[in-house]
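Subject: Structure for your files

Hello,

Here is the structure I said I would pass on. Please keep it open while you read the notes below it.

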Amino acid sequence: MSVFSRSLGDGAELGPLEPWQAEEYLAHLDRGREHIGRFIPLPDVAPDVPSARAFLQAYADKTAADTGRIWGIRQDGTLVGGVLFRTMDTAAGTCEAGCWLEPAAVGRGLVTRAARVIIDWAVDVRGMHRVEWQVASGNTASVNVARRLGMTREGVLRESRVHRGVRLDIEVWSVLAPEWRALRAGEAGA
């Protein structure tokens, strides 16, 4: 485990995903390129090492500017997915979380556990009031994560995002800081 990583249990860790890890990130994307790319553009923006490094550098720049963050999920030391804050507006107290996994890591609860960690950080450390989760309506796995996180479905942005030439309906889910704290208190008392 890296000194900067946090255990997610069952041999899984959440830790930094930085530009110097571009080759590892690309190898991970290559293992799950079609699966990951069904609903999100990550594989399309990183087809080679230079573009993977540029993508991770963009998140390093967002981290430095306090406008976004990215973390990798590793299972037994292998990068298998990640979570991120695509946007962060600390003045407004809002952010948008997202995720991805390669096929071999699906069904283990990794994203739900990792998302809980970063939402805790956003609410408790960064003072975020609203955490959004935007997901293509057809992405059942990601919709189910939003449900497991206790988020509220606010509505659908009809055909609002073009992905690989197709217009997708995007569901907007969110959790507010008081709701998140109440959910955690309920889990602790259960």
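The notes below cover how to read the model, then a helix pair, the nonpolar cores and a loop residue.

This is a predicted model, in which local features need pLDDT of at least 70 and side-chain atom pairs count only at pLDDT 80 or more, while totals for chains, interfaces and linings use all residues. Residues are numbered from 1 along each chain as its sequence is written, and side-chain values use heavy atoms, with hydrogens and water left out.

Helix pair. Helices (H or I, at least four residues) and strands (E, at least two) are DSSP runs, numbered from the N terminus. The axes of α4 and α6 (residues 177-189) come within 10 Å and cross at roughly 125°. Axes here are lines fitted to C-alpha atoms, for helices over the stretch in contact, with angles from 0 to 180 degrees between N-to-C directions. α4 is therefore oblique to α6; angles under 35 degrees count as roughly parallel, over 145 as roughly antiparallel, 65 to 115 as roughly perpendicular and the rest as oblique. On the α4 side, R116, I119, D120, V123 and D124 meet A177, W180, R181, R184 and E187 of α6; contact means heavy atoms within 4.5 Å. By class, this contact has four nonpolar, no polar and six charged residues. Ala, Val, Leu, Ile, Met, Phe, Trp, Tyr, Cys and Pro count as nonpolar, Asp, Glu, Lys and Arg as charged, and the others, Gly among them, as polar.

I119. This residue lies in α4 (residues 110-124) and is buried, at 0% relative accessibility. Buried means under 20% relative accessible area, exposed over 50%, and partly exposed in between (1.4 Å probe, protein chains only). Not counting residues up to four places away in sequence, I119 touches F85, V131, L149, M151 and W180.

Cores. A nonpolar core is a set of buried Ala, Val, Leu, Ile, Met, Phe, Trp, Tyr and Cys residues joined through side-chain atoms within 4.5 Å. The largest has 35 residues, and L14, I73, F85, V131, W133, L149 and M151 have the most contacts inside it. α4 gives the most to this core, with nine residues. Apart from it lies another core, of 16 residues, including L29, I36, L56 and I70.

Q21. This residue sits in the loop between β2 (12-16) and α1 (22-36). Q21 is buried, with a relative accessible area of 8%. Leaving aside neighbours within four places in sequence, Q21 is in contact with P16, L56 and R74.

Regards
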